Amino acid sequence: MNNMRNFKSILVTGGAGFIGSHVIRTLLQQRPDSKLVNLDVLTYAGNLENLRDVETNPNYTFVKGDIQDKGLVHELFEKHRFDAVVHLAAESHVDRSIENPMAFLETNILGTATLLNAAKNAWSEAEGDRCFYHISTDEVYGSLGDEGLFTEQTPYDPRSPYSSSKASSDHLVRAWHHTYGLPIVISNCSNNYGAHQFPEKLIPLMIRNIRDERPLPVYGEGVNVRDWLWVEDHASAIDEILHRGQNGQTYNIGGLNEWKNIDLVHELIRLVDASLGREAGSSMKLITFVTDRAGHDMRYAIDASRIEAELGWKPSITFEKGLAATVDWYLKNGEWLDSVTSGQYQQYYDTMYSNRG
Ligand code: NAD
Ligand code: DAU
């Protein structure tokens, strides 16, 4: 087993987003001796409602700001003397990256470089443990055929503006490690699902549309495959890697849980119809095959044997349980779904989906 590190002051970026909010909750629960600062600019995807239950925790501070703001990032390092950074802030939606790549390059690449420089400057003379933890995605490895899994040795082959911006940021993190000796870890995770995911992503979008009896836009023939992981399991993997991962190492994280999109949509219809007391399968008629995503990656699947062997981590719950709990959460939190999807998002949805058909 690897040695345990402890951190007194942790900068979490993007903590008001989907995964970030679960990471903050997990760290506050698991590490009562660590202070956390959440730096988030609150894009459409960031929402302080996701953190209502922790906002008065004395170990938690929120700062609204951009990771590209050098002055602010420097000031925060000076003030809080961070000994770790858990970097999640990013533009994260593939379809948006196809429409507007520049925002992805700015936040995901330049924002990461700004944080790396701040950590390098602050930690150049530091004694004791330091860790810059970069949260990345399995999409950097490209697209699989019917066989095989992504390992940590799979060559990078990103194919969308989103995944290439994430791949670039992974390269920068490794470059700062090799060139300047910055202590780092990276993890590359598969598709997450669970509470508080912005409903532009497949699972919450489908749940909302089934609830509202709106068309269910399945891209192409619905045969693309994703490997789904419960977001709280991702958060617990991040906690383990931060505290016990090897300096310079990369860890793949996945659910060993591959689903064809169309099969997953059928499953969601089954669960939502049952929860709403509708006749079984009554929402099947809503399925609408639409124009495929440009450059749509066919299949992602993760080999997570390194994190299991080194850190003893593996997913804690079955997809059956996790998906039922997720459907339940969105149906019980209709207000959250409706508030985050009003205004600007509605405009985005109307534009994106009017182009498909
Ligand atoms: P998200 O879009 O839900 O949240 C991103 C958060 O980052 C938001 O709170 C947003 O306000 C904030 N943010 C964006 N630009 C910022 C900036 N310039 N400065 C400060 N804050 C900014 O994303 P998510 O799904 O929670 O993903 C979090 C991280 O995990 C991302 O780095 C993503 O690439 C990675 N990841 C996501 C998944 C997934 O399935 N969602 C899987 C693997 C890896
Ligand atoms: O693999 C990890 C990645 O997973 C993360 O890095 C990304 O941040 C995250 O957004 C996710 O990317 P995907 O593109 O796989 O997720 P999304 O939910 O957008 O789509 C999942 C699959 O469903 C994909 O094959 C496209 C398809 N899809 C998606 C939407 C939104 C549809 O068929 N219809 C839809 O309306």
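Reader: Which residues point one way from β5 and which point the other way, and are they buried or exposed?

Author: Cys-131, Tyr-133, Ile-135 and Thr-137 point one way, Phe-132, His-134 and Ser-136 point the other way, and all are buried; buried means under 20% relative accessible area, exposed over 50%, and partly exposed in between (1.4 Å probe, protein chains only). Strands such as this one (E, at least two residues) and helices (H or I, at least four residues) are DSSP runs, numbered from the N terminus. This is a predicted model, in which local features need pLDDT of at least 70 and side-chain atom pairs count only at pLDDT 80 or more, while totals for chains, interfaces and linings use all residues. Residues are numbered from 1 along each chain as its sequence is written, chains are lettered from A and ligands numbered from 1 in the order in which they are written, and side-chain values use heavy atoms, with hydrogens and water left out.

Reader: What makes β5 largely enclosed by the rest of the structure?

Author: Seven of the seven residues of β5 are buried, so the strand counts as largely enclosed.

Reader: How do you know that β5 pairs with β4 and with β6, and in which sense?

Author: Two strands pair if DSSP finds at least two bridges between them; β4 (residues 84–87) and β5 have four bridges in the parallel sense, and β5 and β6 (residues 184–189) have six, also parallel, so both pairs meet the criterion. His-134 is the bridge partner of His-87, and His-134 also stands opposite Ile-186 in β6. From β5 the chain passes through α5 to β6 in a right-handed β-α-β crossover, a term that applies if, with the strands pointing away from the viewer, the path from the first strand over the helix to the second runs clockwise.

Reader: Why is the contact between Asp-297 and Arg-159 called a salt bridge?

Author: The term requires a side-chain nitrogen of Lys or Arg within 4 Å of a carboxyl oxygen of Asp or Glu, and the N to O distance here is 2.6 Å, so the pair qualifies. Asp-297 lies in the loop between β12 (287–290) and α9 (305–311), and Arg-159 in the loop between β5 (131–137) and α5 (161–180), 138 residues apart.

Reader: Is Asp-297 buried or exposed, and how does Arg-159 count?

Author: With a relative accessible area of 4%, Asp-297 is buried, whereas Arg-159, at 43%, counts as partly exposed.

Reader: What do Glu-258 and Arg-299 tie together?

Author: Their side chains meet in a salt bridge at 2.7 Å, N to O; Glu-258 lies in strand β11 (residues 258–260) and Arg-299 in the loop between β12 and α9, so parts 41 residues apart in sequence are tied together.
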